[in-house]
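Subject: Structure for your files

Hello,

Here is the structure you will be working with.

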Amino acid sequence: MSLPSHVNSPLSGREHAAALKERRPSAAILEKYRSEFGYDAARCFEGVPEVGIYECEDTGFRFFYPLSVVGDESLYRRLEQFPWNYKDDKWEHDASLSYLRPGQRVLDVGCGRGSFLHKAQTQRGAIVTGIELNRSAAAFARERGVKVAEELLDAHAAAHALHYDVVTSFQVLEHVPDPHAFISDCLRVLKPGGMLIYGVPNNDGFLRYADAPLNGPPHHMGLWTRRSLAALCSLFPIDVRAFEIEPLAEIDWYQAVSEARYLPRDWRRWLYYRLGGAKLVRRFLVDNASTIAGHTILVVFEKRA
């Protein structure tokens, strides 16, 4: 299968509106998943020798193609064994709490173990519901007192139209091969004047330079930026209320990405380490982390009346 120069945009829906920007050999992706996570993703790449990164001309949204290379349940079962997969304390959770008011109905799509909803319920007095397809994660959330529906978002939307004051989804949108349908369903359950809050990896920051296999298929299918998130207002009845960027938390990762980007593998890199350059850079990053863009971008939309 050869990659076409243009494909339909899964976000704007316009035919041939996304142009090929980059190619990635499937074999290299598979090797990364095997070596770093002990996972064989071959079933996702059958008949796909290479994957393309395409950019939607209407929105600037970048996505991986073909859309069939999205991961299945076995991938997420594997990744949930790593301690970083389900964190109770996330920056985007705490940042989102400030937008909630007591008594609001809140739906969190892909709620995981319910850490955000538990906080929304206990700290902000919200009436919470989660959607989660991972049974073990959903059971954990229920033990916290969080109501969880184990169903697809479109099914929930069909039964709960205009039901919620706030809809949130953290670290989910980038996994979705059909973002237009996903966002539409989020808006179906949201009342006019309600808030839609997404937290996604910030591909304006250091992530775009990182050799991070999880920021690609079969794990991630979209590469979101501030521009592409803002462009949603031209496609859906929403307006941006706020953008927030997570301050740098992964200092070691940021430094490794920067060193790989700026230091050639020759005598200059040897001299950098020999003279203590790495220690000086780390000290600078620690002192200035609050001013450096980190992993996640949070966008708050308001649904038009």
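Setting aside neighbours within four places in sequence, Asn202 is in contact with Leu207, Trp224, Ile245, Ala293, Gly294, His295, Thr296 and Ile297. Please keep in mind that this is a predicted model.

Asn202 sits in the loop between strand S9 (190-201) and strand S10 (222-223). Its relative accessible area is 3%, so Asn202 counts as buried. A polar atom of the Asn202 side chain lies 3.1 Å from the backbone nitrogen of Asp204.

The loop between S9 and S10 also holds Pro218. The peptide bond from Pro217 to Pro218 is cis, with omega near 5°. Another cis peptide bond joins Tyr65 and Pro66, where omega is about 10°. Pro66 is placed in the loop between strand S4 (62-65) and helix H2 (73-79).

Why list these bonds, and the phi angles that follow? Because most peptide bonds are trans, and most residues other than glycine have a negative phi.

Two residues to look at for phi:

- His16 is not a glycine, yet has a positive phi of about 55°. His16 lies in the loop between strand S1 (6-7) and strand S2 (18-25). Its relative accessibility is 52%, and the cut-off for exposed is over 50%, so His16 counts as exposed.
- Gln171 is not a glycine either, and has a positive phi of about 55°. Gln171 belongs to the loop between strand S8 (164-170) and helix H7 (179-188). Here the relative accessible area is 15%, and buried means under 20%, so Gln171 counts as buried.

As for the protein as a whole, there are 11 helices and 12 strands. The radius of gyration is 20 Å, which agrees with the value near 19 Å that a compact globule of 305 residues would have. Along the principal axes, the C-alpha atoms fill a box of roughly 60 × 50 × 35 Å.

Of the 305 residues, 50% are buried. Among contacts between residues at least 6 apart in sequence, 72% join residues at least 24 apart.

On charge, the protein has 37 positive and 38 negative charges, and their mean positions are 4 Å apart.

Regards

Definitions and conventions:
Residues are numbered from 1 along each chain as its sequence is written. This is a predicted model: local features need pLDDT of at least 70, side-chain atom pairs count only at pLDDT 80 or more; totals for chains, interfaces and linings use all residues. Side-chain values use heavy atoms; hydrogens and water are left out. Helices (H or I, at least four residues) and strands (E, at least two) are DSSP runs, numbered from the N terminus. The radius of gyration is taken over C-alpha atoms; the globule rule is 2.2 Å times the number of residues to the power 0.38. Buried means under 20% relative accessible area, exposed over 50%, partly exposed in between (1.4 Å probe, protein chains only). Contact means heavy atoms within 4.5 Å. Lys and Arg count as positive and Asp and Glu as negative; His and the chain ends are not counted. The place of a charge is taken as NZ of Lys, CZ of Arg, CG of Asp or CD of Glu. A polar contact is a pair of N or O atoms within 3.5 Å; within protein, one must be able to donate a hydrogen and the other to accept it, and residues adjacent in sequence count only if both atoms are side-chain atoms.
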